Structure formats: C-alpha cells, structure tokens
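Trainee: I have a new model open and would like to go through it with you. Could we begin with the words I will need?

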Amino acid sequence: MMPNPLSLISGKGELPEVEQLGTISLEELNQYHCNNPDRRCLCLFGKIYDVTAAANSYGPEGAYKEYAGHDMTLTIGAHVTGDKWLDKFVKLDEKMYSSAKNWSEYYDTKYPVCGRLDKWDEDYESWPELTDEEKEQLKKGCCIM
C-alpha cells in the first residue's frame, strides 16, 4: 500500500533559494534530466520543483531518476512507474487527481519551486481523457514505492 504523502510531511522547514526559471516549455524542462550535472527539476500540476539537492533520489543512480526533467503528474497520480506515462497531459480521474495533489503538497514542503510549465496554462478541460486501453494499462502498472 502506498503511503499518504501528507503523512510524510514533518513540518515545512526553510527551503533553499534557487534560481528561478520562469515559465518554460516541456522541451526546456526535459533538459533538467537526471544526467544534468548542474540542475535537476521535475513538474507536478505545472509547478516546477528543483530536486538538484536530492541527487541520491533524482540523480543518475537515484531511485526516481526517470522523473527528473519531466512532468510526472499522471505517473504519480496513478501510482505507476515507467517513462511511458511521463509528460502525458490528460484529464485525471478523481482518485488520480487527489493522489497527485497530495504528492504536490508534499513536494511543496520538500523542494523549492523554481518555475512553471507552460503546458499547464492551457485549458485543462480541453485535454483528452485516458482511453479505456490506457486505463487498463495503468491498473496493471507497477506501483511506486
């Protein structure tokens, strides 16, 4: 069973100041991947988090290296791993949306926000829904943690 991310919050401490990226494109975000020696970032609900300080998790050997440089909203909302679900902008069902929001709140306490992904400034209602086939694949997906 995956833990509730809000139960992992132990109080919001001071987050480090990081250089702000402003609003960037997905192509720009993709440059902040796990092998970027200078900076690693990821995105949830349009917020770009600087995870550079967590090299043990998001660096080249990290358990979550695949998320660096990507929007992981669907992935974390659906509790799956695999790059197939990264950078996929679809309407989430209520359960996935709630789960991803909880993780976003956790990330807010753990990592500094350094920008915004422009894709999230689009009309969310215009995004496609997951197909029945995709929903089935997600159900069979490997759980995070």
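Mentor: Buried means under 20% relative accessible area, exposed means over 50%, and partly exposed lies in between, with a 1.4 Å probe and protein chains only. C34 counts as buried, at 12% relative accessibility.

Trainee: What kind of model is this?

Mentor: This is a predicted model, in which local features need pLDDT of at least 70 and side-chain atom pairs count only at pLDDT 80 or more, while totals for chains, interfaces and linings use all residues. Residues are numbered from 1 along each chain as its sequence is written, and side-chain values use heavy atoms, with hydrogens and water left out.

Trainee: How many disulfides does the count come to?

Mentor: The count comes to zero disulfides, a disulfide being a pair of cysteine sulfur atoms within 2.5 Å.

Trainee: Let us change topic. How many helices and strands does the protein have?

Mentor: There are five helices and four strands. Both are DSSP runs numbered from the N terminus: helices are H or I with at least four residues, and strands are E with at least two. Along the sequence, their pattern reads β-α-β-β-α-α-α-β-α.

Trainee: What share of the residues is buried?

Mentor: Of the protein's 145 residues, 46% count as buried. As for contacts, meaning heavy atoms within 4.5 Å, residues 24 or more positions apart account for 70% of those with a separation of 6 or more.

Trainee: On to charges. How many salt bridges does the structure hold?

Mentor: It holds seven salt bridges. The term means a side-chain nitrogen of Lys or Arg within 4 Å of a carboxyl oxygen of Asp or Glu. Side chains of opposite charge can pair when their charged atoms come close.

Trainee: Which residue pairs with K88?

Mentor: K88 forms a salt bridge with E134, and their closest N and O atoms are 2.8 Å apart. This pair links distant parts of the chain, 46 residues apart: K88 is in the loop between α3 (73-78) and α4 (94-110), and E134 is in helix α5 (residues 132-140).

Trainee: Is E134 buried or exposed?

Mentor: E134 is buried, at a relative accessible area of 16%, whereas K88 is partly exposed, at 25%.

Trainee: Where do E136 and K139 lie?

Mentor: Both are in helix α5, three residues apart, which is about one turn of the helix. K139 counts as exposed at 67% relative accessibility, and E136 as partly exposed at 40%.
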